[in-house]
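Dear colleague,

Please find the structure below, followed by a short account of what was found in it.

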Amino acid sequence: MYIDPHIHMVSRTTDDYQRMAAAGCVAITEPAFWAGYDRSCAQGFVDYFGQLTDTEPKRAAQFGIKHHTWLCINPKESEDIGLAREVLAEIPKFLDRPSVLGIGEIGLNKNSRNELVVLEEHIALAKSRGLLILVHTPHLEDKMKGTRIILDAIKAHGVDPARVLIDHVEEHTVRMVLDRGFWAGMTLYPDTKCTPQRATDIFEMHGTDRLWINSAADWGISDPLAVPKCREEMRRRGHLEALIHKVSFQNPQTFLSQSPNFRLR
Amino acid sequence: MSGMSIPLTPHQVVDQYFLEHRAKVLDIAAFLDRFDRAAAAFGGADSATTDDVRVRALCAALDLLRDGQPQRARRVLELWSDHSVDPIPTAHTKGAIGAMPLPDAKR
């Protein structure tokens with residue numbers, strides 16, 4: 001039994017739900033993200049938020065998987081502040097829907113000034129509504145710098161770090177995230193993020209507290225079964241079943257249960 | 001750090017992972033050979049002299065792997081990272097290439 005706390009099912013086929021259920025997935029959370037192209041207007045996001053809060057929970061339920069979501073305009077589309085503010089104005093209309101956990105995946109992409117402005121407006125919205133936050137950290141060479149800026153911005157807004165998950169950490173960012181009291185997510189994604197082997201190494205070096213794994217499977221080359229494959233890697237090394245259960249079920253359950261909307265049934 | 005112990009002995013680590021990483025080293029060797037053959041065919045600089053940021057970053061990381069110091073994965077990622085601190089004025093692209101240009105001392 002496991003939870004995949006970050007996966008983009010709008011980009012996946014129904015067969016993937018079927019395979020995930022067969023592998024033991026009981027719940028997922030789906031952050032709003034970049035569709036691979038820039039949406040031309042706020043209405044495009046309104047339609048997307050409807051898909052996340054209505055269509056996907058029904059599709060997941062066919063396979064006994066509980067679906068939850070996070071809403072935002074993602075950092076890849078945040079350079080246009082005018083559009084971002086139009087989308088931000090639409091988000092509160094969806095926040096009372098029963099599967100919404102909070103704001104995400106917000107963060108930075110290229111670490112630009114406009115991205116930071118939009119990030120801070122999302123943080124303010126989450127704080128004002130008492131919502132959890134799921135944070136995307138930048139890719140590759142931009143990750144270390146962006147992670148530092150993000151952590152500083154969240155702290156500056158006085159948000160409790162225990163209610164924020166900083167995602168896509170790797171060896172060079174995991175320590176700074178955990179040391180400042182945040183939760184951290186390791187994304188099991190080919191080529192650009194962690195492998196199951198490296199994620200297991202990170203558990204061995206940094207422990208299993210406030211740390212989870214996810215697939216972030218999306219429209220790119222990615223693997224919706226990455227979490228069970230990491231569980232298998234830990235098992236292959238001889239780690240205890242209790243530890244494997246902790247990182248792939250209990251930790252996400254503990255963090256996500258801070259939202260009253262998170263339910264496994 | 002408050003990590004947990006690795007259950008495998010050094011010998012078990014090698015038994016379990018050697019062939020996988022042998023193949024990865026061969027992939028890197030073949031990539032550099034491919035780059036050099038292309039350079040020879042099209043008249044460009046080879047992997048030892050190229051100005052391509054990514055190839056230089058890869059070769060610098062290979063040097064780091066053999067320095068005998070711990071935390072190689074973290075240090076490689078830091079080597080390839082942007083170490084500036086201020087937000088950039090404008091994002092002109094969405095993508096990242098995987099490595100920043102290295103300071104001259106690290107080339």
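**Chain B**

Chain B contains three helices and zero strands (DSSP runs numbered from the N terminus, helices being H or I of at least four residues and strands E of at least two). This is a predicted model, in which local features need pLDDT of at least 70 and side-chain atom pairs count only at pLDDT 80 or more, while totals for chains, interfaces and linings use all residues. Residues are numbered from 1 along each chain as its sequence is written, and chains are lettered from A and ligands numbered from 1 in the order in which they are written.

The radius of gyration of chain B is 18 Å, whereas a compact globule of 107 residues would have one near 13 Å (taken over C-alpha atoms; the globule rule is 2.2 Å times the number of residues to the power 0.38).

**Contact with chain A**

In chain B, 27 residues are in contact with 31 residues of chain A (C-beta atoms, placed from the backbone, within 7 Å). The side of chain B that touches chain A comprises 16 nonpolar, seven polar and four charged residues (Ala, Val, Leu, Ile, Met, Phe, Trp, Tyr, Cys and Pro are nonpolar; Asp, Glu, Lys and Arg charged; the others, Gly among them, polar).

**Strand β4 of chain A**

Eight of the eight residues of strand β4 (residues 100–107) of chain A are buried, so this strand is largely enclosed by the rest of the structure.

Yours sincerely

Terms used
Buried ≥ 20, exposed ≤ 12 C-beta atoms within 10 Å, placed from the backbone. Contact = placed C-beta atoms within 7 Å.
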